Amino acid sequence: MSAEIESTEARTQKLEGLGAKRKRVEDVRFTQGKGNYVDDLKFPGMVFGDFVRSPYGHARVKSINTEAALKLPGVKAVLTAADLKPLKLDFMPTLAGDVQAVLADDKVLFQGQEVALVVAEDRYIAADAVDLVEVEYEGLPAQVDPNRAMDADAPGLRDDLRGKTSGAHGPRKHDNHIFTWEVGDAEGTERALKQADVMAKELIVYQRVHPCPLETCGCVASMDKVNGHLTVWGTFQAPHAVRTVASLISGIPEHKIRIISPDIGGGFGNKVGVYPGYICSTVASIVLGVPVKWVEDRMENLQSTAFARDYHMTGEIGATKDGRITALRCNMIADHGAFDACADPTKYPAGFFSICTGSYDIPVAHVVVDGVYTNKAPGGVAYRCSFRVTEASYFIERMVDILARKLNVDPAEIRRKNLIRKEQFPYHSALGWEYDSGDYHTALDKVLKAVDYTGLREEQKRKREAFARAETRKLMGIGVSFFTEIVGAGPIKNCDILGLGMFDSCEIRVHPTGSAIARLGTISQGQGHATTFAQILASEIGIPAANITVEEGDTDTAPYGLGTYGSRSTPVAGAATAMAGRKIRAKAQMIAAYLLEVHDDDLEWDVDRFRVKGVPERQKTMTEIAFAAYNKVPPGMEPGLEAVSYYDPPNMTYPFGAYVCVVDIDVDTGVTDIRRFYALDDCGTRINPTIIEGQVHGGLTEALGIAMGQEMAYDELGNLKNASLLDYFLPTAVETPVWETDYTTTPSPHHPIGAKGVGESPNVGGVSAISNAVNDAFAHLGLTHTQMPHDHWRVWKTAERLNLTTV
Amino acid sequence: MPKMHVKLNVNNREVEGLAEPRTLLIHFLREQLGLTGPHIGCDTSHCGACTVDLNGKSVKSCTMFVAQANGAEITTIEGFVNADGSLHVLQEMFREHHGLQCGFCTPGMITRAYRLLQENPHPSEAEIRMGISGNLCRCTGYQNIVKAIRAAADRMSHAKEAAE
């Protein structure tokens with residue numbers, strides 16, 4: 001017999017499967033500068049594209065003269081709308097059922113809009129030539145305020161839609177109206193609000209922000225004229241969907257298009273959309289027959305590719321006098337910019353905003369969203385969030401706090417009273433969602449205990465008294481937030497984008513010597529898929545994660561999938577990985593039974609091998625089985641050990657968490673210090689605790705940026721006033737506090753391994769916790785609500801309005 | 001545009017080439033020398049993704065003409081790995097402590113951290129945070145980067161003590 005078998009623990013450890021704090025395999029390359037991002041690509045004959053962009057928010061384009069640019073040595077071509085029209089590529093479909101100008105023709109509708117693409121030998125010549133393209137504009141008044149976009153006298157912005165009374169999502173009531181989306185019980189909500197003992201109403205604005213990944217968007221398009229194949233390398237969060245869209249709009253058969261997402265330097269939703277740069281580079285490559293590279297600079301990124309949020313939400317919340325919430329209503333204007341290029345599932349023009357009843361058992365609710373056009377960049381993507389969940393969560397978390405003030409109840413107490421109870425799961429919300437699992441009270445209590453919430457409130461009371469006695473100029477604020485996300489889009493029955501069902505996929509091939517490759521329909525942008533998907537598989541098929549290669553992002557080799565955004569990789573592709581793994585194991589079991597000359601049912605799985613029940617020394621390891629799969633399978637069985645799974649999730653997953661933020665505000669400067677931030681996340685089964693923690697740190701830091709400083713500020717002419725990192729706030733290591741993390745584990749009952757996804761939770765819960773803390777600091781002085789971002793100036797203005805400043 | 005001759009020492013190797021007077025150092029490194037470790041994340045020298053070590057100082061190579069760097073000694077992220085191919089202690093600690101996610105800021109961040117530790121071998125947490133405040137990261141929230149730099153500082157000073 002073989003040498004003594006290692007213990008179960010030792011073998012499990014060796015697998016580095018579920019729950020292991022496995023070091024990331026990606027990092028060996030990344031730490032050496034050996035990543036392969038789109039701007040690192042270099043091909044023989046490659047030329048560079050650069051855009052002429054509109055300096056105006058709204059203007060007529062009277063003429064475009066490309067003569068001088070074309071004369072500049074090194075310039076290869078200048079594309080304008082006139083070149084795209086015969087190809088029917090002057091407009092492209094958006095993910096939201098609208099169209100978007102690829103290059104502006106008669107009109108520009110936002111500052112930074114693409115007007116012409118210059119292609120030249122190098123990027124410097126291209127930049128020179130951009131300056132030589134003469135465009136004559138006639139400025140028009142800009143429509144910047146979304147709340148005025150549907151005024152009777154507001155001129156329609158889109159010439160192509162003038163007079164059209166219906167759009168992709170139903171009737172339109174104004175030329176600047178995109179859709180009305182309504183969900184819930186209007187009459188029931190009205191009645192309940194009227195009957196409520198207490199009612200609070202507030203306008204909650206979630207300002208326009210930008211995901212701003214450190215790497216901007218870009219691509220290299222290469223048309224091989226000999227074989228008619230188009231290859232596009234680019235910063236695509238959904239490469240397969242991009243291929244299908246590219247085929248549909250270009251007419252090139254889908255099998256002749258290859259989309260490759262190389263390493264991506266962060267996405268956060270910014271890289272979900274299809275941008276004019278991709279189309280124009282492709283056209284230029286077809287025209288010139290050489291590879292064409294286009295990479296945005298930072299200003300272009302902030303001005304023209306996908307923004308997020310810009311929701312103007314009027315909320316009403318009703319409750320009994322003892323604090324039971326009885327109804328919730330939200331009427332909202334959503335600013336979508338000049339083209340509707342939101343990246344939401346087709347049936348949800350406001351994404352999953354209807355998760356806005358949050359973590360609370362609210363009997364009746366009603367939401368009406370009106371989307372409008374303005375002279376701003378298109379977008380409306382899920383910035384580290386699952387389709388408007390961040391907006392929904394911010395809305396309910398502010399409303400609950402505002403209600404608590406009105407009732408004079410502690411914010412933690414009102415939450416405890418209204419949280420959905422453990423025994424209510426699966427819970428059916430008033431707006432139609434089925435929450436899969438949760439244990440909210442345990443999570444909240446754990447956090448409150450960890451931060452000594454009672455002690456904090458006592459300290460705050462003492463400090464407020466000291467402030468009143470003028471002994472200190474600082475106010476202390478405590479923010480509590482409890483969020484429920486809805487992620488993992490999603491079941492094909494209700495989730496598709498452009499008709500493509502939102503399943504995902506995994507294909508596994510086990511090699512004869514017992515190592516494997518897994519390919520998925522998703523694409524990592526820093527989440528560590530190469531590490532974590534191998535861990536899922538290691539636990540399923542007993543092959544060490546170190547011996548499993550994970551590959552994504554090449555549409556020629558990977559199975560079709562809808563990509564990575566909305567925290568869907570783990571809930572959907574992670575599930576596909578586990579399911580494909582189970583198919584491998586089922587076949588392996590039959591092979592093992594044949595080798596051991598027993599019936600399949602006589603075998604039991606033991607970490608990395610099958611054993612004969614009751615005779616444990618009779619066994620076959622996965623390594624032995626893998627080899628046998630290629631030379632000794634049972635009669636009638638196909639050789640090889642491969643499996644593929646396309647996973648259509650039965651439901652979304654519902655991660656949740658409880659956060660507490662403590663701030664100290666200097667009323668004379670508005671400087672707000674985050675003294676403490678405690679984040680408890682429940683993302684179901686935990687695949688790699690180290691990576692989860694990293695995701696939470698990162699998401700909270702993005703939440704900090706949003707809550708404390710980010711706002712895309714447009715002036716009345718439609719100029720974006722902060723289109724560089726000089727003015728657009730990204731937190732540095734100095735502003736970023738130390739994050740304390742914690743967890744509970746409530747597995748998803750319908751996910752094969754119980755995982756729920758975590759990447760976006762901290763952004764969803766973090767923004768509300770910080771904003772609630774700032775608002776809480778002034779609550780005793782009469783403040784009900786102040787809008788984000790809570791930068792120093794705005795916080796100081798709040799203090800000034802409350803007559804607290806000395807100046 | 002007429003080109004000028006430039007000569008640099010990059011990662012202990014003498015290199016030379018022709019460049020326009022306006023060519024930025026980052027473009028020369030990435031496109032002429034093929035050193036694509038340093039990245040471009042902004043155009044205003046705020047993000048630090050392009051950080052290289054130049055004559056003993058951290059420099060944002062998007063804010064300097066290659067002409068200005070003529071004759072300089074430059075280390076990019078590609079120059080950090082040890083002679084035997086193993087990772088530099090900073091690279092190893094970034095990996096160990098999950099100090100990176102998408103990897104785009106990492107080359108600049110490690111290059112900056114190296115110079116920080118040369119200038120201050122025993123930095124406090126606040127000194128580390130201030131020391132890397134010219135380098136933006138959108139993924140990690142800096143917490144594990146700080147941890148990695150502290151761990152590297154400890155390792156490097158132990159190694160130095162052992163050598164003495």
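**Exercise 1.** Determine how α14 and α15 of chain A pack.

*Solution.* Step 1: helix α14 (residues 529-541) and helix α15 (residues 569-596) of chain A pack at about 35 degrees, their axes lying 9 Å apart. Axes are lines fitted to C-alpha atoms over the stretch in contact, with angles from 0 to 180 degrees between N-to-C directions; helices are DSSP runs (H or I, at least four residues), as are strands (E, at least two). The model is predicted: local features need pLDDT of at least 70, side-chain atom pairs count only at pLDDT 80 or more, and totals for chains, interfaces and linings use all residues. Side-chain values use heavy atoms, without hydrogens and water, residues are numbered from 1 along each chain as its sequence is written, and chains are lettered from A in the order in which they are written.

Step 1: contact (heavy atoms within 4.5 Å) involves, among others, A:Phe533 and A:Ile536 of α14(A) and A:Ala573 and A:Thr577 of α15(A).

**Exercise 2.** Which elements of chains A and B each supply at least two residues of the lining of the largest pocket?

*Solution.* Step 1: the elements are β1 (47-53), α5 (123-132), β16 (292-295) and α9 (298-304) of chain A and α1 (25-32) of chain B.

Step 1: by class, the lining has 17 nonpolar, six polar and 16 charged residues (nonpolar: Ala, Val, Leu, Ile, Met, Phe, Trp, Tyr, Cys and Pro; charged: Asp, Glu, Lys and Arg; polar: the others, Gly among them).

**Exercise 3.** Classify the ring pair A:Phe677 and A:Trp739.

*Solution.* Step 1: rings of Phe, Tyr and Trp (its six-membered ring) pair if their centres lie within 6.5 Å; planes under 30 degrees apart count as stacked, over 60 as edge-to-face and the rest as tilted. This rule gives 30 aromatic pairs over all chains.

Step 1: the centres of A:Phe677 and A:Trp739 are 5.1 Å apart and the planes stand at 80 degrees, so the pair is edge-to-face.
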